[in-house]
Structures are given as structure tokens and as C-alpha cells.
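Here is a short briefing on sheets, a helix pair and ligand contacts. Please keep the sequence and model in view while reading.

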Amino acid sequence: MFRPISVLVFDSPEAACREIAAQIARLIRERSAAGLATVLGLATGNTPLPLYQELIRLHREEGLSFQPVVSFNLDEYLGLDPKHPESYRSFMRRNLFDHIDMLSENSHLPSGMLAEEEIAAHCAAYETKIVRAGGIDFQILGIGRTGHIGFNEPGTPIDSRTQSIHLDEITRQDAAPAFGGIGQVPEQAITMGCGTILEARRIALLAWGEKKADIVRDAVKGPVTDKVSASFLQTHPAASFYLDRGAASALPA
Ligand code: GLP
């Protein structure tokens with residue numbers, strides 16, 4: 001039904017990230033030369049760290065300016081103060097925003113500090129901000145062991161919008177070391193929906209290491225199913241998987 005998704009395999013995460021960062025830099029420079037901002041969709045987790053390091057290097061050593069960039073992060077834990085070291089706001093500052101010249105008013109993350117009755121309006125406003133910015137030009141994704149993109153856990157429909165979700169037990173276990181125990185890991189998060197993500201004009205999903213190999217195979221080769229939200233990328237006309245050899249090791253040769 002769908003054409004096979006593009007899968008690119010690299011010798012190392014760093015090599016893959018040099019390629020993705022070069023594409024992002026080209027996009028920013030081309031759009032900026034035409035007087036246009038570039039809208040990036042950003043992800044957290046360990047996976048995008050080498051990409052952020054390369055973007056910082058391009059800024060420092062090759063003069064790439066992020067002033068004409070607007071960003072929207074995929075998700076944020078609910079109930080965490082933005083100053084908490086494990087909040088995605090802190091993560092983004094520490095690993096990217098503090099090291100480039102992006103204007104602070106141009107970086108957007110869902111709020112983690114919302115009362116139950118504020119959630120729906122906040123999520124709707126996040127969607128509106130993305131639309132007003134012109135939509136996402138380039139979306140970066142990681143993949144969770146449950147196959148989630150953003151925090152869209154199994155069962156989230158393909159047309160879902162930004163919303164609050166309950167985190168899967170596997171996702172909370174994976175986050176437990178960073179929080180100092182599963183008891184400290186929030187149970188809920190706000191995430192861009194699958195439908196929101198699929199509206200990005202270009203999507204790059206990154207995955208490294210053998211522990212991601214089985215879920216990558218399910219996402220790329222398995223049926224398009226809400227059991228693996230990354231499989232929805234098979235329906236996107238410009239989505240690519242950037243893998244190292246470990247993450248690609250369960251794919252048929
Ligand atoms: C979290 C994030 C996802 C990320 C996933 C994988 O659940 N919300 O966006 O893709 O973790 O994390 P890692 O990159 O550390 O393997």
C-alpha cells in the first residue's frame with residue numbers, strides 16, 4: 001500500500017548526525033536567504049545528543065546562526081517544574097539552547113506545570129502556535145522501546161493531536177535511572193500527537209544500538225499499526241530512518 005520508507009545506515013551515530021545536521025544547516029541557510037524562518041521539531045533522550053553537538057559545532061565553527069529558527073519540542077513530563085534537571089526544558093537548555101544563538105522566545109515546549117482543567121486549552125494553543133509558525137519544516141524523532149514517537153504510547157491513533165497521555169510502564173522503567181528510581185518518574189506527559197508529527201514536511205527518525213533493533217524492524221517492516229506509533233511514518237512521503245549498524249541489525253539484508 002505504501003512505498004518502503006527510506007532507511008539510511010551509518011558506521012556511527014556521529015556520522016549519521018553529521019549528515020542530518022548538514023541538511024538542517026542547508027535548510028536554515030536557504031530559507032534565511034529567502035527571508036524565511038525555519039521551523040524545527042526537536043526531540044529529547046540520548047539519541048539526538050550527537051546531533052545537537054554537531055549543530056553547536058556548526059554554530060561555533062562555521063557561523064551557522066539559529067536566529068531565524070523557531071522550534072517546537074515533542075513533549076514534556078507533567079508535574080515537573082521547568083527547572084527540574086530532568087524536565088525537557090532543562091534538557092534542551094543544557095544540550096542545545098544555551099550553546100547557540102536561538103532567541104529564547106522562539107523555542108517552544110509544552111508546559112509540564114498544568115492543572116487538569118488547563119490541559120486541553122494548553123494543547124490546543126500549542127497546535128495553533130505550530131500552525132501560525134507555518135508548520136514544522138524538519139522534525140527530529142527518537143524511538144522508545146514501546147515504538148513511541150514523542151510520548152505516543154501504543155494505542156494512540158494516527159490522527160491524534162497534542163494531548164496528555166499516561167506513560168507506559170516500559171517507558172517509565174527506561175527513565176528511572178535518570179530520575180533516581182521509578183517512583184520519581186512522572187506518570188503523565190504532554191505530547192504532540194501522531195497526526196501533529198505527521199504534518200511535518202520532512203521527518204528524520206534516529207536510532208542507535210542493538211537494543212533498538214527489534215522495534216526499528218517492527219516500525220519499518222511491520223504493519224502500520226497503533227501498536228507501534230513509529231510505524232505511522234510509513235505513510236509519510238518524506239520520512240527517513242537514520243540508523244547505526246546496531247539499530248539496523250534486525251532488518252532484512
Ligand atoms: C523518551 C522521549 C522520546 C525518545 C525516547 C527514547 O521517551 N520522550 O522522544 O525518543 O525517550 O529515548 P533515548 O533516545 O534515550 O533512547
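Three strands form an open sheet in the order β4-β8-β7, with antiparallel pairing. Strands here are DSSP runs of E with at least two residues, helices are runs of H or I with at least four, and both are numbered from the N terminus. Two strands pair if DSSP finds at least two bridges between them. The model is predicted: local features need pLDDT of at least 70, side-chain atom pairs count only at pLDDT 80 or more, and totals for chains, interfaces and linings use all residues. Residues are numbered from 1 along each chain as its sequence is written, and side-chain values use heavy atoms, leaving out hydrogens and water.

- β4 runs antiparallel to β8 (residues 188-191), and three bridges join them.
- Tyr77 has Ala189 of β8 as its bridge partner.

**Seven-strand sheet**
- A second open sheet has the order β1-β10-β9-β6-β2-β3-β5, with parallel pairing.
- Its edges are β1 (6-10) and β5 (107-108); each has a single partner strand, so one side of each is left without a neighbour in the sheet.
- β9 (residues 202-207) pairs with β10 (residues 239-244) in the parallel sense, over five bridges.
- Ile203 has Ala239 of β10 as its bridge partner.
- Helix α4 (residues 119-132) packs on this sheet and touches β3 (69-73) and β5. The direction of α4 makes about 150 degrees with that of β3.

**Helix pair**
- The axes of α2 (residues 49-62) and α3 (residues 88-95) come within 10 Å and cross at roughly 45 degrees. Axes are lines fitted to C-alpha atoms, for helices over the stretch in contact; angles run from 0 to 180 degrees between N-to-C directions.
- Leu49, Tyr52 and Ile56 of α2 meet Phe91, Met92 and Asn95 of α3. Contact means heavy atoms within 4.5 Å.

**Ligand**
- Residues around the ligand include Asp75, Tyr88, Ile143 and Phe151, with a heavy-atom cut-off of within 4 Å.
- A side-chain N or O atom of Thr47 is 2.5 Å from a ligand oxygen atom.
- For His148, a polar side-chain atom lies 2.8 Å from a ligand oxygen atom.
- For Lys212, the corresponding distance to a ligand oxygen atom is 2.7 Å.

Methods:
Polar contact = N/O pair within 3.5 Å; in protein donor to acceptor, adjacent residues only side chain to side chain.
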